Amino acid sequence: MVEGGRETNRTGSVMTVTVKSFATFREVMEMQIVLPFPEGATVRTLLADLTSRFDRLDEQLFAAPGTLRDFVNILKNGRNIDFLAGLETSLEDGDVIALFPPLAGG
Amino acid sequence: MLQVTGKNERYRRQVDLVGADGQAALGRARVVIAGAGGLGSAIALYSAAAGIGQIRIIDCDTVEVSNLNRQILYRTGDIGTEKVTAAAKDLRALNPGIEIEPVQTRITAETAESLVEGADLVLDALDNYPARYALAHAAWDRGIPYFHGAVHGMYGQASTIIPGQSPCLRCIVPSPPASGATPILGVTTGVIGSIQATEAIKYLTNRGTLLLGRVLFWDGTRTEVEILSIQGDPVCPVCGGVS
Ligand SMILES: [Zn+2]
C-alpha cells in the first residue's frame, strides 16, 4: 500500500490505482500492486511505471516503444481500454486496472 | 447381468441435487462440444456421465501420442484414429443411454452455422480464436448460450456467454493471441473443462449462478481463482456492450 496515498488525495494531488495481473504476466510482475499517480495520469503513465519496476514486463507488453502487443488486454474497472481511449485512457482514484494475455489452448 | 440402462440408479447420486426435473432436462438437452482435445475430453466425459442426452462432438484431427498427456478420452490404442470416432466409442461405453454424434470437420465461419443448428448450448473446447469467434458468432445469432474456456500451461480462463445477458466473446477477448501449440498440463484442461461442464449443467437444470459478464481466471501455479467482471464495448455491433 502507498503510505499516505489517501491522505494526499484529499488535496486532489495524488490518486491510488490497483493493478492486477493474470496468467503469464504474473511471471514477470506482481499479481497485485497498488501505486500512486498524479492527477492526469493515463494508462500509458501506468505502464511506464510498471515497466520501470519489473524488468521483464516491457518485452511482454510492447511490440515496439508505445505499441502494445496484439494480445495484451487491459481492463479499466472491467472495461477494455480498446473501448475507451486506449493508452490515453485516464486514470481515476480507486481504479482497478487488470492486465491479461488471453489464453488460447484447448 | 449388469444393469446399464437403469437411469434412476445411474443418476441416483445427483438427482438429489438437480431434481427429477433437472435430470429430465439433462436427458432432453442437445449440446455441441466444439473440440475433442484436452478441454473437450473433460467436458465430454462429465457431460456424458451426467446424462446429457445428445452430444455432438466436433474435431478434425486424429489422435497423436503427444495428445495423451491431457486428452483423457483416448487410450494408447487410439493413436491414428479420428478423434471424434474414438471419442464416440469411449462416451458410448461410459453411457449407452445417450446419443453421441461425432462430426469430423474443421470449424470455420462457413461451417459454424450448421454445426450449432438445433443445439441448446455450445461448449468451447477449441484451441484458436478464429474458430472461437466463428462459433461464438453463429451461436449468438441464434440465441444459443456459449460456454468459453481456454488454457495455457497451468493457467486457465472461463466465461459464460448468453445473448442478452452478457457481453459477446469479442468483447471479452478483443485482442487474442496467435494460434499455435502451447504448453499444457493435463490437469489444467481438467480444471477448466470441469468448470465449463459445471456451468452448462447449471444452465440446463436452472440452478445456481452463472459466470455471466465475468471471467474466471485459474492460476494453477498458485492454486488461486480470481473472477473479474467484464463490460463490453458500448457500441459493439454484436452485443451492444450488455453487462
Ligand atoms: Zn460485444
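User: By what rule is a salt bridge counted here, and how many lie between chain A and chain B?

Analyst: A salt bridge is a side-chain nitrogen of Lys or Arg within 4 Å of a carboxyl oxygen of Asp or Glu. The model to which this rule is applied is a predicted one. Between chain A and chain B, the count is three salt bridges.

User: Which residue of chain A forms a salt bridge with E226(B)?

Analyst: The cut-off for such a pair is 4 Å, and the closest N and O atoms of the pair in question are 2.6 Å apart, so the pair meets the rule. The partner of E226(B) in this salt bridge is K20(A).

User: Which three residues supply more of the area that chain A buries against chain B than any other three?

Analyst: The contact takes 25 residues from chain A and 39 residues from chain B, and the two chains bury about 2600 Å² between them, with 58% of that area on carbon and sulfur atoms. Of the area that chain A buries against chain B, 27% comes from three residues, more than from any other three, and these are F83(A), L103(A) and G106(A).

User: What is the geometry of the site of the zinc ion?

Analyst: The zinc ion is coordinated through the SG atoms of C168(B), C171(B), C236(B) and C239(B), at 2.2 to 2.4 Å, and in sequence these donor residues follow the spacing C-x2-C-x64-C-x2-C. Four donors count as tetrahedral if all angles lie between 85 and 135 degrees. Because the angles among the four donor atoms are 103 to 118°, the site of the zinc ion is tetrahedral.

Methods
Residues numbered from 1 in each chain as written. Chains lettered and ligands numbered in written order. Predicted model: local features only at pLDDT ≥ 70, side-chain atom pairs only at ≥ 80, totals over all residues. Heavy atoms only, no water. Contact = heavy atoms within 4.5 Å. Buried area = accessible area lost by both parts, 1.4 Å probe. Donors = N, O, S within 2.8 Å, 3.2 Å for Na, K, Ca; no water. Tetrahedral: all angles 85-135°; square planar, octahedral: opposite > 155°, others 65-115°.
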